[in-house]
Every structure is written in structure tokens, then in C-alpha cells.
Amino acid sequence: RAEFRGKLWVEVMLLPGYDFGQREYLMAIAALPYVLLAARRIEGPPAGLGLTLGVAMLAAVGFALKPHFLAVPALVEGYVLLRRGPSAALRDPVPWTMALLWVGYLASLPLVFPDYFNTVIPLVWRYYTDLGVFTFWSVLTAPVVMPLVPVVAGLLAGAFLLRGTGALARVLALAAFGGFVSAWVQHKGWSYHVVPATVLSGAGIVALGARLADRSIAPARALAAAPVLALVATFGLGTFTLRGEETP
């Protein structure tokens with residue numbers, strides 16, 4: 001499973017193709033180890049303190065790139081809190097580490113980057129927020145957004161309604177939904193806005209499928225079936241991300 005996860009992350013990092021390097025891409029890559037850690041925080045085994053803090057700091061930097069991205073940790077941490085209970089969740093260093101970095105970042109802005117409030121935010125508010133041709137609701141029919149509506153909804157339903165799907169599939173489903181919300185509220189329908197939802201839902205579908213395959217395939221046949229299923233998953237994810245001239 002560790003080998004499967006390592007190869008899966010390599011593939012999903014290549015899915016954005018044309019949109020490689022956008023802030024949404026950077027957030028999605030920073031979110032991948034974070035969701036893996038979230039699943040371990042729920043089901044174990046516990047990770048070492050150094051690994052935990054490193055992943056939390058990387059995730060905090062990624063989620064701080066845009067305020068919309070905070071939908072992802074809000075959903076994931078809410079689920080961790082629900083599964084572990086308040087006592088264990090409040091002793092967990094991950095949310096506190098991320099919150100501390102975010103507070104420090106906000107506090108540094110007027111001291112280190114005063115033009116951020118005086119120039120950048122007014123500029124963004126005046127010109128950027130109303131760019132595009134879609135409204136908050138019509139963006140759901142945009143060519144790059146509409147296909148993700150059934151994908152994310154189906155992933156959420158499968159991860160939470162089917163039995164024995166495991167924490168990883170559920171955390172990825174919530175993170176994908178958070179990425180979709182981030183694209184939705186920006187209501188522009190640009191291809192790179194959906195990168196987090198595409199990457200995280202793709203990983204979630206494969207993780208969910210792998211867990212269901214574990215339950216349905218006899219152990220004697222599983223070893224032979226694994227390469228075939230991996231090939232199907234690889235081409236399935238690649239085909240889903242083909243978009244005209246923006247082919248990965």
C-alpha cells in the first residue's frame with residue numbers, strides 16, 4: 001500500500017498539465033501529504049513529531065496562498081475532530097501549527113508588506129473579483145467545472161455511504177469538496193481553479209476503488225489483479241483530465 005500511494009501521488013501531481021505551477025497546483029501538492037497524515041491521525045499508526053510538524057507547516061503555506069483554500073483544512077479538521085473527539089483533537093499539534101503560521105503571516109503583513117493592504121487588496125477588489133463571464137451559479141455549467149460536479153458528489157457519496165471505505169478515501173473526498181468550493185466561490189470557470197478538486201478527487205477515487213477491491217477480490221487473486229487495476233486507474237485519471245488544447 002505504501003508503494004501504491006507513492007506512485008499514485010506522482011501521477012496525480014502530473015494531471016494538471018497545462019496549469020502546472022499555478023497557486024492552485026501548489027496548494028494541491030501541499031495538501032497531498034496533509035490528507036495522508038489526516039488519515040493516520042484518525043486510524044493510526046501515529047506519525048513522528050518531526051514528520052507531523054513538517055507536513056503541517058507545508059500544508060499551512062499551501063493553504064495560505066489564497067483565502068478560498070481554507071475550505072480544505074476546515075472540512076478535513078472538522079472530520080478529524082468528529083472522529084477523534086475534542087479531547088484528542090485539541091491535543092493534536094497539526095491544527096495549532098497551521099493556525100500559528102497563519103496568524104504570524106497575517107501579523108507580518110502590515111510590518112513587512114504594508115502595500116499589501118494599501119495597494120494589492122484594493123487592486124484585486126477593483127479589477128480581479130469581477131473578471132470572467134460567469135455568475136456564482138452559472139459557473140457550475142462552465143466546461144471545466146461541470147464535469148467535477150458529479151465526480152465530487154459521487155466520491156462523497158461513495159466514501160461516506162459505503163461500508164469499510166476507510167479514513168483516507170473519506171478525507172480525500174472532503175478535501176476534494178473543499179477544492180471544488182474554492183473554485184466555485186471564485187466563479188470564473190478558469191481551468192487552473194479546478195486543479196485542487198481534480199487532483200484530490202482523482203486520488204480519492206483511486207483510494208476508494210483500491211479499498212473496495214481489497215474487500216471484493218480474494219487474496220489469492222489480488223496480487224495478479226493489482227497491476228491490471230493500476231493500469232485502468234492510470235488511464236482513467238489521464239483520460240478524465242484531457243481538455244482540448246490543454247492536454248497534460
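Is Leu106 buried or exposed? I looked this up before anything else. Leu106 counts as exposed because its relative accessibility is 53% (buried is under 20% relative accessible area, exposed over 50%, partly exposed in between, with a 1.4 Å probe and protein chains only). Leu106 lies in helix α6 (helices are DSSP runs of H or I with at least four residues, strands are runs of E with at least two, numbered from the N terminus).

Notes on the model. I worked from a predicted model, where local features need pLDDT of at least 70, side-chain atom pairs count only at pLDDT 80 or more, and totals for chains, interfaces and linings use all residues. Residues are numbered from 1 along each chain as its sequence is written, and side-chain values use heavy atoms, with hydrogens and water left out.

Surface entry. I found Leu106 in a nonpolar surface patch whose members include Tyr105, Phe113 and Val124, with about 930 Å² of accessible area together. Patch members have over 30% relative accessible area and no salt bridge; nonpolar side chains (Val, Leu, Ile, Met, Phe, Trp, Tyr) are joined within 5 Å, like charges within 9 Å. A salt bridge is a side-chain nitrogen of Lys or Arg within 4 Å of a carboxyl oxygen of Asp or Glu. Areas are from the Shrake-Rupley method with a 1.4 Å probe, and for residues only the protein chains shown count as cover. Helix α7 gives the largest share of the patch, five residues.

Ring entry. I noted nine aromatic pairs (ring centres of Phe, Tyr or the six-membered ring of Trp within 6.5 Å; planes under 30 degrees apart are stacked, over 60 edge-to-face, the rest tilted). Phe20 and Tyr25 have ring centres 4.6 Å apart and planes at 45°, so this pair is tilted. Phe20 is exposed at 57%, whereas Tyr25 is buried at 7%. Phe136 and Trp184 are stacked, because their planes are at 15°, with centres 4.9 Å apart. This pair links distant parts of the chain, with Phe136 in the loop between α7 and α8 and Trp184 in helix α9, 48 residues apart. Phe136 is partly exposed at 33%; Trp184 is buried at 19%.

Core entry. I listed 45 residues in the largest nonpolar core, where Tyr34, Phe63, Val76 and Met98 touch the most other members. Such a core is a set of buried Ala, Val, Leu, Ile, Met, Phe, Trp, Tyr and Cys residues joined through side-chain atoms within 4.5 Å. Helix α2 supplies the largest share of this core, 11 residues.
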